[in-house]
Amino acid sequence: MKCRKCGERASIELRRHNAAFCAPDFLDFFRRQVREAIRKHRMFEADEAVLVAVSGGKDSLALWDVLIDEGSRTTGLYLDLGIFDYSVESKAKCERFAAARGVPLIVSTVAEEVGAPVPVIKEVTRRPPCSGCGLSKRYLMNRVALEHGFPVVATGHNLDDEAATLFGSVMHWQTDALPRQSPALAATHPKLVRRVKPLYRLSERETAAFAFLRKIDYIVEECPFAKGATSIAHKEILNRMEEASPGAKHNFLFGFLDKARPAFERAEAVTLNECARCGQVTTGTLCAFCKLADQVKRLGGGLRPSSDGRRAP
Amino acid sequence: MKVVLRNPRREVEVAGGRRVKDVLAELQIIAESVLVIRGDELVTADQVVRDDETIELRPVMSGGLR
Ligand code: SF4
Ligand SMILES: [Zn+2]
Ligand SMILES: [Zn+2]
C-alpha cells in the first residue's frame, strides 16, 4: 500500500477515505482535519485562551499536541477522579506532557470538590460509576474554566465517541439529548462556557495513530470502570458495521449533524437558573453536582473503603 | 511470529510469513479496533510479517462516558 500523497510506503490505511498515508502525510492530514473542525464550527479564535481537558489518554493529549503546534493559547485541565492506579498514572502522564511542552496544567481533584473519589461516589449513590463521574467532570470543567476566565473548553471526543453517544441516544430516543450533541456548544448563559470537540472528524484509530507517531506517552490501560460501559458495547457494534461498510460511522454522525439535528433543536429554550448553593447553571434550584455532594456527605462517603477492600486514594 | 495484545498485556504465537490481515482474521480482531505496531512504526493490513518478527496489536478504544 502506497501513500496517496507521496507514493512512499503507507503506515496507515483510512478505508473510509479510500486512502493510505505515510507517517508525515498522515500527521498533516490529521492536523488539517482539526483546523477544518475549528474553522467550520468557529470553535475559537486564534487569540482566545483555550482550556483543554486532558485525561492522559490518547485523544486529549493528541488534541493538546495539535493545538500547541498550531500556536493556540492553551492550558490543560486534569481532573483527578481518584480511580486507583489509573488516576495516579494518568495524572503523571499529563504532568510530564505539560512539563515537556512548557505549557500550564491545572489539576482539580474530585475527592476535594465532591467530598469523595469516584469509586466511593459509586458506592454511595449505587449508580454506575460513569454517572457520578461524568456529571462531576462536566461540572468541574465548566466551573474551573469560569474561575480562570477561559471562554472555551476543548475536549478530546473523537468520531467514535460521538457516533457511540448518538447511537445510544437514538436507541432510546432521548430526544432532549439529541440537540445537545454537537461539535460546538455555544455558551447559552453567562455562567456556561463554550464547549468544543475539535477531534470529532477523526476516528479513534486515527487519534491513536497520531499519538503513537508523535511519540506521545499516553495511558493505554483503561479506566477499570470502562469495562462493560454501554458506550463500549455501542462502539463495538459500530466498528462491526464499519468493517462491513467503511464510512458507516462517519455517515451516521455527519448525516445526523447535517440533516437531523436541526429538526430536534427545541423551539422553546429551557429556562436556566443559577444553583442556590454554588451559583452554577441548572434547570432546577439545586444543581445535580451539589445534590451529589450532599448525598456523599450524608452517607459519610469520604471514609468508606471501596469495593476491593482498598481505601480509595 | 509473536503477537503482543494489551489490556491485559499478553503474548500469543501465530504462524508468520503472512499478511497482517490474515493474522487479524485468525485472532478475530477487527482492523478498525487496533493499531498494528512493529517496532516504532505502524504497518498496514496488506503487509507481510516474517516469522521472526513481533507485532503489537494495540486497542484504540477508550471507554466509558467522557
Ligand atoms: S470510564 Fe466511567 S468512571 Fe472511568 S473515567 Fe470514564 S466516565 Fe469516569
Ligand atoms: Zn507520504
Ligand atoms: Zn450547585
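Before you click, some housekeeping. This is a predicted model, where local features need pLDDT of at least 70 and side-chain atom pairs count only at pLDDT 80 or more, while totals for chains, interfaces and linings use all residues. Residues are numbered from 1 along each chain as its sequence is written, chains are lettered from A and ligands numbered from 1 in the order in which they are written, and side-chain values use heavy atoms, with hydrogens and water left out.

**Stop 1**

Donors here are N, O and S atoms within 2.8 Å of the metal (3.2 Å for Na, K and Ca); water is not among the atoms, so sites may look incomplete. For reference, the ideal angle for four tetrahedral donors is 109.5 degrees.

Now colour by accessibility. A:Cys3 is buried at 4% relative accessibility, whereas A:Cys6 is partly exposed at 41%. Buried means under 20% relative accessible area, exposed over 50%, partly exposed in between (1.4 Å probe, protein chains only).

**Stop 2: the loop between β1 and β2**

Next, pick A:Arg16, in the loop between β1 and β2 (19-21) of chain A. Helices (H or I, at least four residues) and strands (E, at least two) are DSSP runs, numbered from the N terminus. A:Arg16 is buried at 17%, and its side chain reaches the backbone oxygen of A:Arg201 at 3.3 Å. Beyond neighbours within four places in sequence, its contacts (heavy atoms within 4.5 Å) include A:Leu159, A:Glu206, A:Glu242 and A:His250.

In that loop of chain A between β1 and β2, also select A:Asn18. A:Asn18 is exposed at 70% and has a positive phi of about 55° although it is not a glycine. Then jump to A:Arg42, in the loop between α1 (23-40) and β3 (49-54): phi is near 45° there, again positive in a residue other than glycine, and A:Arg42 is exposed at 65%.

**Stop 3: ligand 3**

Move on to the zinc ion (ligand 3), held by the SG atoms of A:Cys275, A:Cys278, A:Cys287 and A:Cys290 at 2.3 to 2.4 Å. The site is tetrahedral, with angles of 107 to 113°, and the donor spacing reads C-x2-C-x8-C-x2-C. A:Cys278 lies in the loop between β9 (273-274) and β10 (281-282) and A:Cys290 in helix α11 (residues 288-298), so this pair ties together parts 12 residues apart in sequence. A:Cys278 is partly exposed at 28%; A:Cys290 is buried at 6%.

**Stop 4: where chain A meets chain B**

Finally, show both chains: 38 residues of chain A contact 26 of chain B. About 2800 Å² is buried between them, 53% of it from carbon and sulfur atoms (accessible area, 1.4 Å probe, that two parts lose on being put together, summed over both). On the chain A side, A:Arg205, A:Phe212 and A:Val220 lose the most area, together 21% of what that side buries.

The rule finds 3 salt bridges across this interface (a side-chain nitrogen of Lys or Arg within 4 Å of a carboxyl oxygen of Asp or Glu). Zoom in on B:Glu32 and A:Lys249, whose side chains meet in a salt bridge at 2.9 Å, N to O.

Note on methods. Four donors count as tetrahedral if all angles lie between 85 and 135 degrees; four count as square planar and six as octahedral if opposite donors are over 155 degrees apart and all others between 65 and 115; anything else is irregular. A polar contact is a pair of N or O atoms within 3.5 Å; within protein, one must be able to donate a hydrogen and the other to accept it, and residues adjacent in sequence count only if both atoms are side-chain atoms.
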